[in-house]
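Look at the structure, then read on.

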Amino acid sequence: MAATYRRVALIGLGLIASSMAHALRWKGLAGEIVGTARSAETRAVAAELGFCDRICETAAEAVQGADLVVLCVPVGAMATIAAEIAPHLAPGATLTDVGSVKQAVIEAVAPHVPEGVHFIPGHPLAGTEHSGPRSGFATLFVNRWWLLTPMPGADAAATARLRGLLEGIGAHVDEMEPGHHDLVLAVTSHTPHLIAYTMVGVADHLRRVTKSEIIKYSAAGFRDFTRIAASDPTMWRDVFLTNREATLDILGRFTEELFVLQRAIRMGDGPQLFEYFTRTRAIRRGIIEAGQDTAAPDFGRGAPAAEAGE
Ligand code: NAP
């Protein structure tokens, strides 16, 4: 496939950026890949792994002459980075991000974007519980959704070009209004992560009573919670701080449902529990049929497939 951008600048070199770099290399979609990260250590690891053609010390330097700039830092760091790179962005360039929350990123970045630069916010619904430059792999985005939340009046040609690149690395691209994105993700990703963190926290309290039994006899349900709860603390702190309203809304609904099930258990209402679990099972089947997870027993453990992290 021919390169769709002459120079792609990746700001931040963790899981998402390194996966993008590997994928762009694999598909030959970027003439040159330039990267930068906050710490000298991450820059050194990225240089050693060689997934970028060039590593710069600063974000300002990295974006110079780039026709695509991708912000791959935690949501809470977007405003500072945007302010730093703004004077150095090339006219006509496209600026996008991969942040897990969209309204907050738009508020943080849009005020800094100079005239003539196309800001097209985005979010890949792909990830794992691993982070850092060593965790990336080229197939992370294959068959995963990548949501774009273009601003009103966004340049159609710039959006189509970005869409072409993302489809080129295997993603399915859809467009969504940013507020709607944040609500959908609060249901499908943010609140489930919070529940996993909480469940592992409960086990941690209990461990003081049962010593190592929880680790030793850890069964599928708890083990799967621990995988999610191992996700990057900075990223998830920022997600909850910036998608507060939608997460609180969904958590409120979750608590109400929990009380319904709690009452059914207390009352010994078997039919209600059975009917509830039958409905939820159908949702799982729908996800597998949509190709968003594996139906393999035990979540296909042992096969190094791209996990649906987000
Ligand atoms: P990651 O592996 O932890 O990498 C984050 C990168 O951002 C690192 O290179 C880090 O630099 C840099 N960084 C961190 N704090 C910074 C700051 N204050 N200023 C400048 N740079 C900073 O993270 P990731 O998983 O790739 O996530 C990146 C973005 O993608 C986040 O916005 C996240 O919400 C979004 N996202 C993540 C997933 C997922 O499942 N992980 C999925 C979809 C979207 P150092 O290494 O030098 O500290």
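The model is predicted: local features need pLDDT of at least 70, side-chain atom pairs count only at pLDDT 80 or more, and totals for chains, interfaces and linings use all residues. Residues are numbered from 1 along each chain as its sequence is written, and side-chain values use heavy atoms, with hydrogens and water left out.

**Shell.** The ligand is surrounded by 27 residues, each with a heavy atom within 4 Å. Arg38, Ser39, Thr42, Val73 and Ser100 are the closest. By class, 14 are nonpolar, eleven polar and two charged. Helix 1 (15-27) and strand 7 (122-124) supply at least two residues each.

| Residue | Part | Distance |
|---|---|---|
| Serine 39 | side chain | 2.6 Å |
| Serine 100 | side chain | 2.6 Å |
| Glycine 132 | backbone | 2.8 Å |

The protein covers 86% of the ligand's own 900 Å² of accessible area (Shrake-Rupley, 1.4 Å probe).

**Salt bridges.** There are 13 in the structure, each a side-chain nitrogen of Lys or Arg within 4 Å of a carboxyl oxygen of Asp or Glu. In one, arginine 134 pairs with glutamate 48 at 3.4 Å between the closest N and O atoms. The partners are 86 residues apart: arginine 134 in the loop between strand 7 and strand 8 (145-148), glutamate 48 in helix 2 (residues 40-49).

Definitions and conventions: Polar contact = N/O pair within 3.5 Å; in protein donor to acceptor, adjacent residues only side chain to side chain. Helix = DSSP H or I, 4+ residues; strand = E, 2+ residues; numbered from the N terminus. Nonpolar A, V, L, I, M, F, W, Y, C, P; charged D, E, K, R; others polar.
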